[in-house]
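Reader: Pick a single part of this model and take me through it closely, please. Give me the surroundings too, and spell out your cut-offs as you go.

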Amino acid sequence: MKQGALRLGVFAGPLMGTLFFIAMWPLMHIFPPYSPMLGVEEVAAHVQENRTGFLVGGILLMTAASIVWPFITVIVLFLKKIEGEVPIWTTVTALVFTFGQFTVFLCGLAFTMAAFRPDASLEMVRTWSDLGMFLLVIPAIPGTTQYLATGAVILQDRRARPILPRWYGYLNIWVGILSAPGAVVGLFKIGPFAWNGIAAFWIPAIVFGVWITATQFTLLAAIKRNALADDQQ
Amino acid sequence: MNPATDGNETALRGHVPGEPGLWVLIFGDLLVFGVLFVTYAVSLVGDPDAMGLSQQKLSRGLGLANTILLLTSSWFIAHAVNAARRGSPRARRLILAALALGTAFVGVKVVEWGGHIGHGDTLNSSSFFTFYFMYTGIHLLHVLIGLGVLTWLAWQCDSSGAWTGPFAVLEGSAVFWHLVDLLWVMLFALLYLLRHGAAV
């Protein structure tokens, strides 16, 4: 079994997370996100002040969406191992994961558009930056489908020693439910459900952090005991 | 001490309802709802009068009806667990009763939401109604997942109606259904019963 390659694949996850965080925090200064209540001039000034940060951050976000695939592949391999011959929910997980990463790529592209032309009108800069913010938070919607599907796969494992631990299945359901409030950010400019609010941003962001950390440890433990070669029925 | 009794006590003390992993979801959810409740409380302190005025528009009757529906539903699922423990063929009927009451909860919620929307109180028309629709909406997502689980449980019974799956699965599902119930009781108290500001 290719344990070295699998382990390497797992590290694409934290690498993606790190690039994401570097782009958002020191480069674009959108962690925590700016308020949706900011006026046209204020948003344009923020992009202007961090122009290079936005352009480099855009590249990092697009890179993050492009290098995460070995991580996703390792997850999908374990799910397929659990589900066996007709891997319905594994396939759902894989498809929605793909869709979700596409939105991360577009997010990087939107922020690049916002900062690309120094002579662009202020409205145009804010519009592209707003699109970037939406693409950062709204993908919680497909995220919910993906996490619930992953949870469903793990919890249907009937082996005496499950391929992935059952608590990790329940953790996925927890993350799925709590990502859902990200869906409503288009309705609010202030309060807990705005794109900088506690329920639409901070809770999904923190549970995502918990998820990606737990996923690494769970996958590394499963690789260590060679669970892909497990022949329990 | 009688060794048999002693063994029993250990077994009872060491029993985790459902399975240990499930409690990641249960405590995780309780933690986050705790944060949501504190967020609501902080908002209340900020503008108690406006929140209180909107809050008066809620129907305590419908809220109470939903509380009774969920509590009764929980009662039925607890009895389904007992029936399964005894191998009784009543398990499926009890699960279906819990399912029917849970579905009625959704029906009442739809009528209630429809009424507020009809009166112009929508998701972002006031701070209170944002909390009301979002919190009851997140709770409703839990109810819908729970109803999916209950349906699946009913499926797992044999033709006589007795539970055939692993006991921990039924017990764990019941624990989740009790969580849905507990969260609703908290929401009912916070959103419907505790009145605020000048409107009190």
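Author: Read along the sequence, chain A goes α-α-α-α-α-α-α-α-α-α, that is, ten helices and zero strands. (Helices and strands here are DSSP runs, H or I over at least four residues and E over at least two, numbered from the N terminus.) This is a predicted model, where local features need pLDDT of at least 70 and side-chain atom pairs pLDDT 80 or more, while totals for chains, interfaces and linings use all residues. Residues count from 1 along each chain as its sequence is written, and chains are lettered from A and ligands numbered from 1 in the order in which they are written.

The radius of gyration of chain A comes out at 19 Å, close to the 17 Å of the globule rule for 233 residues, so the chain is as compact as a globular protein of that length. (That radius is over C-alpha atoms, and the rule is 2.2 Å times the number of residues to the power 0.38.) Along its principal axes, the C-alpha trace of chain A spans about 65 × 35 × 25 Å. Of its 233 residues, 46% are buried, where buried means 20 or more other C-beta atoms within 10 Å of a residue's own, exposed means 12 or fewer, partly exposed is in between, and C-beta atoms are placed from the backbone.

Chain B has seven helices and zero strands. Its C-alpha atoms fill a box of roughly 65 × 40 × 25 Å along the principal axes, and 32% of its 200 residues are buried.

Now for the close-up: the place where the chains meet. Here 21 residues of chain A are in contact with 20 residues of chain B, contact meaning that the backbone-placed C-beta atoms lie within 7 Å. On the chain A side, the elements giving two or more residues are α9 (166-179) and α10 (198-224), and α9(A) gives the most, with nine. By type, that side of chain A splits into 18 nonpolar, two polar and one charged. (Nonpolar covers Ala, Val, Leu, Ile, Met, Phe, Trp, Tyr, Cys and Pro; charged is Asp, Glu, Lys and Arg; the others, Gly among them, are polar.)

With 26 C-beta neighbours inside 10 Å, A:P181 counts as buried. Leaving out residues up to four places away in sequence, A:P181 touches A:F193, A:A199, A:A200 and A:P204 in its own chain, plus B:M134 and B:I138 across the way.

(A nonpolar core is a set of buried Ala, Val, Leu, Ile, Met, Phe, Trp, Tyr and Cys residues joined through C-beta atoms within 7 Å.) Beyond its neighbours within four places in sequence, A:F78 contacts A:I163, A:L164, A:L219, A:A222, A:A227 and A:L228.

UniProt, in an unreviewed entry, places "transmembrane region" at several stretches of chain B, among them 93-111 and 132-155; such annotations may be inferred rather than shown by experiment. In the model, residues 93-111 of chain B are 100% helix with end C-alpha atoms 27 Å apart, and residues 132-155 of chain B are 100% helix too, with ends 34 Å apart.

For contrast, some spots elsewhere in chain A. In α8(A), 14 of the 16 residues are buried, so this helix is largely enclosed by the rest of the structure. The loop between α2 (12-27) and α3 (40-49) of chain A holds A:P32, and the peptide bond into A:P32 from A:F31 is cis, with omega near 0 degrees. A:H29 lies in that α2-α3 loop as well, and has a positive phi of about 55 degrees without being a glycine. After α10 of chain A comes A:N226, another non-glycine with a positive phi of about 55 degrees. A:N226 is exposed, with 11 other C-beta atoms within 10 Å.

Technical notes. Two residues are in contact if their C-beta atoms, placed from the backbone, lie within 7 Å.
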